[in-house]
Amino acid sequence: MKSFVDSVVQWSRFQRNRNIVIQAVFLFFVTLLGVYFFVRASGLELSLSHFSSRAGFGLSHTFLVDYTSNDSRWVAYFTGVVNTIRVCLVAIFLTTLLGTVMGVARLSKNFLTSKIAWTYVEVLRNTPLLIQIIFWQIVFLQLPQISEAITFGDTTAISNRGILLPWISDNGNAQIWFIFLGIVAAGSLYLSYFLNKREDVSGKSFSIFGNRLNGNLVGISLFVIVTIVTYFAFGRPVSMDIPEIAQNNKGTWMQSGGFDLSPEFAAILFALVIYTGTFITEIVRGSIQSLSKGQTEAAQAIGLSKYQAMTLVILPQALRSIIPPLTNQFLNLTKNSSLAVVIAYPDLFMVSRTIMNNSGHALPVFFLILLTYLFLSLCISLVMNLINRRVTRIGA
Amino acid sequence: MKKIKYTLLISALFAMTAFSFACASEDSSEASSSGGSSTLQQVLDRGMLKCGVNDNLAGFGVVAADGSFSGFDIDFCKAVAAAILGDSSKVEYTPTTASNRFEALGSGEIDLLIRNTTWTASRDRELKQDFTAPTFYDGQGMMVYVDSGYNSIDDMEGATICVLQGTTTELNLDDRFTGTGMSYTPLTFETNDPLQAAFEEKRCDGWTTDKSGLASKRASFPASAGGPEALKVLPETLSKEPLGPLTRDNDSEFYDVVQWVVFGMMQAEESGINSSNVSSIASNPPNPGVARLLGASFEGGEVQDFSFGIPKDFMQKVISQVGNYGEVYDRHLVPLGLERAGSLNAMWTEGGLIYAPPFR
């Protein structure tokens with residue numbers, strides 16, 4: 001009969017069995033470490049109950065949220081989250097445009113165009129974002145002081161307190177009207193799509209009195225006509241909101257009305273757009289260059305113009321390799337937006353820092369910040385993955 | 001190839017084990033630091049006091065071009081170092097910001113925080129930190145441009161106010177404005193430099209912080225933006241702001257040393273002892289009270305020992321190397337225009353609040 005030791009030796013002769021042991025030991029230590037951290041963490045105060053108490057501090061930017069210092073810390077925090085989402089959404093949109101244009105320009109045969117794009121990338125990619133943010137803050141502070149604000153025919157006022165633009169104000173039915181317009185817009189889009197598709201497939205075009213009409217034109221005209229008609233039908237739901245600056249009886253300059261583009265928002269937006277744009281430029285350039293030269297030549301051979309070749313042949317194919325690294329840049333942008341704290345833009349990080357300082361409970365608030373950024377990042381990833389699936393679909 | 005994998009796994013295992021041991025040892029050092037006397041002992045062992053300070057507030061704490069620190073708060077760091085280590089130069093200064101200062105102290109990065117920090121109930125209790133004794137009685141004020149025409153905060157309806165983040169200042173400001181039904185826009189900055197840049201460009205109508213801070217910012221206001229004459233501090237005081245050094249909670253030996261060094265400096269001023277006469281007074285104290293303060297013998301008698309765990313004559317070193325409270329005040333705060341007479345910072349004998357419990 002074989003001894004126990006012999007059988008163990010026999011068993012351990014197989015690589016597979018040894019691997020099992022090693023993995024079991026490894027797992028044991030990982031579990032140990034996990035338990036250790038869990039025990040340490042369970043002793044900590046992680047409750048967020050103090051978030052329901054009165055905030056007690058004011059915020060300079062309250063976009064879409066009607067925040068006052070009497071609200072709870074939750075409302076203050078939510079205001080910060082909205083401010084972060086606001087700057088990130090606008091920045092992601094603009095930086096994609098900028099990066100795409102610059103990426104194409106970088107490959108231009110025109111010497112000046114390509115060198116401008118090259119300089120843009122090399123200078124702005126290689127300087128710290130924080131410094132760029134402070135630079136833009138200082139730039140926007142150099143706008144005239146409010147007592148000497150530049151005004152354009154009483155519709156726009158520019159000062160270092162903010163750039164005031166005409167905007168629309170609600171006369172009562174605006175919300176319903178906007179929802180209605182949204183439905184009409186979707187309908188018009190579908191109509192254009194349907195007409196174009198029909199023309200592609202059957203060659204039948206949409207025509208009135210024998211005049212052939214483009215499907216896009218039909219959709220746009222439908223939307224414009226319905227908008228104008230319903231504007232009156234809904235009893236003029238919106239009106240122009242003209243900004244105004246004036247001194248009150250104590251001499252304080254007050255801004256009212258219009259859309260207020262504050263220097264803080266503008267500075268963080270410019271910095272994020274321009275900094276992230278450099279990376280997107282390089283992504284777009286790299287993806288275009290990775291395509292075979294034959295694609296461009298083939299597009300030219302069938303008589304497409306340079307613009308058509310770019311938009312119909314090159315960019316749609318380049319998109320497949322653009323989207324995944326682009327997602328990374330969007331995530332970076334979102335996380336970098338927390339640097340807004342240095343120039344007094346109340347994003348979620350700044351508001352939660354204030355709450356942390358007022359309450360003294362640093363750890364649970366930090367967890368909340370982490371979870372919020374994680375949530376925002378996962379949302380971006382989700383959307384981008386859906387887009388990625390769409391563009392990489394074979395035969396799409 | 002397989003062998004390499006094997007080695008990698010083994011080394012990973014070792015790394016994990018080493019890491020968990022490192023965590024465990026960190027644990028034990030933490031335990032010892034939270035227990036009793038250790039900060040004082042650590043400072044003695046290290047031969048260096050780690051002091052968290054402001055590096056950008058004229059008069060209270062500024063760093064010069066050569067990296068040396070000076071100011072009212074800095075002198076109290078020096079005084080504590082002189083008391084514990086006998087040498088006021090044995091201080092390692094760590095610049096802190098308004099928002100990271102408590103974490104720096106709580107984490108043990110610094111031993112002592114002297115950074116124009118207001119004593120409040122929530123900080124004392126919730127932040128697990130202890131205020132020793134107020135060194136300066138401050139109050140929040142509002143600074144505006146002279147040409148703004150403001151004479152009181154009541155004139156500032158709708159104004160934009162620049163304020164620093166993470167301070168009671170933000171809350172007092174809101175209490176003052178919303179409490180009287182006035183609208184305002186706070187522009188909350190994390191550090192002073194971008195705030196000052198915004199104020200210089202009149203991005204905001206007012207700048208609010210402790211009056212001492214306003215006085216120092218006003219005194220150093222750049223001529224390109226109008227200089228000190230372009231600014232005025234409104235007479236109103238928004239809050240009580242007693243400023244003083246902080247130590248960690250449950251650190252009573254170190255806490256007592258810091259507290260009684262501050263009291264000793266106040267008592268020295270009251271007793272007429274200053275840096276130039278301290279050695280002659282110590283060699284021949286005029287009365288037993290002075291002898292007890294200086295840890296000197298009165299007419300050959302026994303020297304009083306307060307058992308602070310540091311040399312009995314610590315106040316002699318503090319006063320000879322740093323000076324008494326009045327000297328420190330005159331050196332740093334009078335040049336800013338913060339007059340002492342008639343303010344809360346006068347000696348109690350002159351109607352102020354500077355009062356030391358008895359050394360006996």
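How many residues of chain A are in contact with how many residues of chain B? Select both sides and you get 37 residues of chain A in contact with 41 residues of chain B, where contact asks that C-beta atoms, placed from the backbone, lie within 7 Å. A note before going on: this is a predicted model, where local features need pLDDT of at least 70, side-chain atom pairs count only at pLDDT 80 or more, and totals for chains, interfaces and linings use all residues. Residues are numbered from 1 along each chain as its sequence is written, with chains lettered from A and ligands numbered from 1 in the order in which they are written.

Stay on the chain A side that touches chain B. Helices H2 (15-42), H5 (129-141) and H11 (348-359) of chain A each give two or more residues to it, and H2(A) gives the most, with 7 residues. Helices here are DSSP runs of H or I, at least four residues; strands are runs of E, at least two; both are numbered from the N terminus.

Next, select helix H6 (residues 174-202) of chain A. Its end C-alpha atoms are 41 Å apart, which agrees with the 42 Å that 29 residues should span at 1.5 Å a residue; the expected span is 1.5 Å times one less than the number of residues. Show Trp177(A), Ser188(A), Ser192(A) and Leu195(A): these are the buried residues of H6(A), buried meaning 20 or more other C-beta atoms within 10 Å of a residue's own, all placed from the backbone. Their cover includes strand S5 (206-208) and helix H7 (215-233) of chain A.

Notes: Contact = placed C-beta atoms within 7 Å. Buried ≥ 20, exposed ≤ 12 C-beta atoms within 10 Å, placed from the backbone.
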